[in-house]
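This briefing is for a reader who is new to the structure shown below.

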Amino acid sequence: MTWLRDWSQSEDVALRVLCLPAAGSSAHTYRSWSGLLPPDVGLVAVELPGHGSRLAETPLRTMDGIVRPLAAEVAGLADRPLVVFGHSMGATVGAELCRTLRREAGVTPALMVAAACEAPREGPRKDYSRWLTEDGVLDFLHHMGGTPPELLAHDDYLRMLLPVLRADLTALAGPQPGDDSPLDCPIRVYLGDRDPGVRPERAAAWRRESNGDFALHTFAAGHFLVQERRAEVLAQLCADVRPLRHARRTTGRQS
């Protein structure tokens, strides 16, 4: 698999959680989750071109260019209920991925979890264009927090990170795919109460992204709650997928 890193503990899982990282981040962000989730919850993370283990590839700069090939590979996971978990940019990509899967593969995820992200279709759109210059990307890193100051002062690290992060922000600033129909799955939003980049009312607007039910959970954290409050985030995620696990076990006993 080119786009996907499957770190599931077993081949016989009740469901899979598909994890999409934040702008500039890699699939490795979620590597440790595998041993912390129940064995029957599979873990698959997305590695975008130009990121992590695909660093030698050219990063993509449009949302459509990301979600179409990604959806073609994710469709192969449809033999189990699929939970799409996206952090920051990953949540925006995740919502468009859900639409593309439904439209092009007839696949509807069982649940969408959006962490540290404002609703992407709620107008007026967030302005990412101000962060597309080299100085702007640095301002973005300082604004969002989560990057150690010693890394921000390291030239080699910045030379590696800035082109990738700029490409991701360009995709967020660019046109969205034309399909703006509501999702058909439930949505859960995870929000840090000290997140400098997400307004609570805009996070709550995810409610209008879907025809399914909605809930918002707040954590004592900043933008990078998936690292700052990993144990609490995973506990909430396990609670949110428990009905899917139970349904799978019940179906298995009856078959």
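The side chains of arginine 188 and aspartate 240 form a salt bridge, at 3.9 Å from N to O (a salt bridge is a side-chain nitrogen of Lys or Arg within 4 Å of a carboxyl oxygen of Asp or Glu). This pair links distant parts of the chain, with arginine 188 in strand β6 and aspartate 240 in helix α8 (residues 230-254), 52 residues apart. Helices (H or I, at least four residues) and strands (E, at least two) are DSSP runs, numbered from the N terminus. The model is predicted: local features need pLDDT of at least 70 and side-chain atom pairs count only at pLDDT 80 or more, while totals for chains, interfaces and linings use all residues. Residues are numbered from 1 along each chain as its sequence is written, and side-chain values use heavy atoms, with hydrogens and water left out.

**Salt bridges**
- Arginine 188 and aspartate 240 are both buried (buried means under 20% relative accessible area, exposed over 50%, partly exposed in between, with a 1.4 Å probe and protein chains only).
- Arginine 194 forms a salt bridge with glutamate 228, with 4.0 Å between the closest N and O atoms.
- Arginine 194 lies in the loop between β6 and α6 and glutamate 228 in helix α7 (residues 225-228), so this pair ties together parts 34 residues apart in sequence.
- Arginine 194 is exposed, at 52% relative accessible area, whereas glutamate 228 is partly exposed, at 37%.
- Arginine 199 and glutamate 118 meet through their side chains in a salt bridge of 3.1 Å, N to O.
- Arginine 199 is in the loop between β6 (187-192) and α6 (200-204), and glutamate 118 is in the loop between β5 (111-115) and α3 (134-144), so the pair ties together parts 81 residues apart in sequence.
- A network of salt bridges links Asp64, Arg68, Arg103, Glu104 and Asp179.
- The whole structure has 19 salt bridges.

**Helix α1**
- The buried residues of α1 are Met63, Ile66, Val67, Leu70, Ala71, Glu73 and Val74.
- They cover an arc of only 155 degrees around the axis, which puts them on the same side of α1 (the arc is that of the directions from the helix axis to the C-beta atoms).

**Strand β2**
- Six of the six residues of β2 are buried, so this strand is largely enclosed by the rest of the structure.
- Leu15, Val17 and Cys19 point one way from β2, and Arg16, Leu18 and Leu20 the other way.
- β2 runs parallel to β3, joined by five bridges (two strands pair if DSSP finds at least two bridges between them).
- Cysteine 19 stands opposite alanine 45 in β3.
- β2 also pairs with β4 in the parallel sense over five bridges, and leucine 20 has glycine 86 of β4 as its bridge partner.
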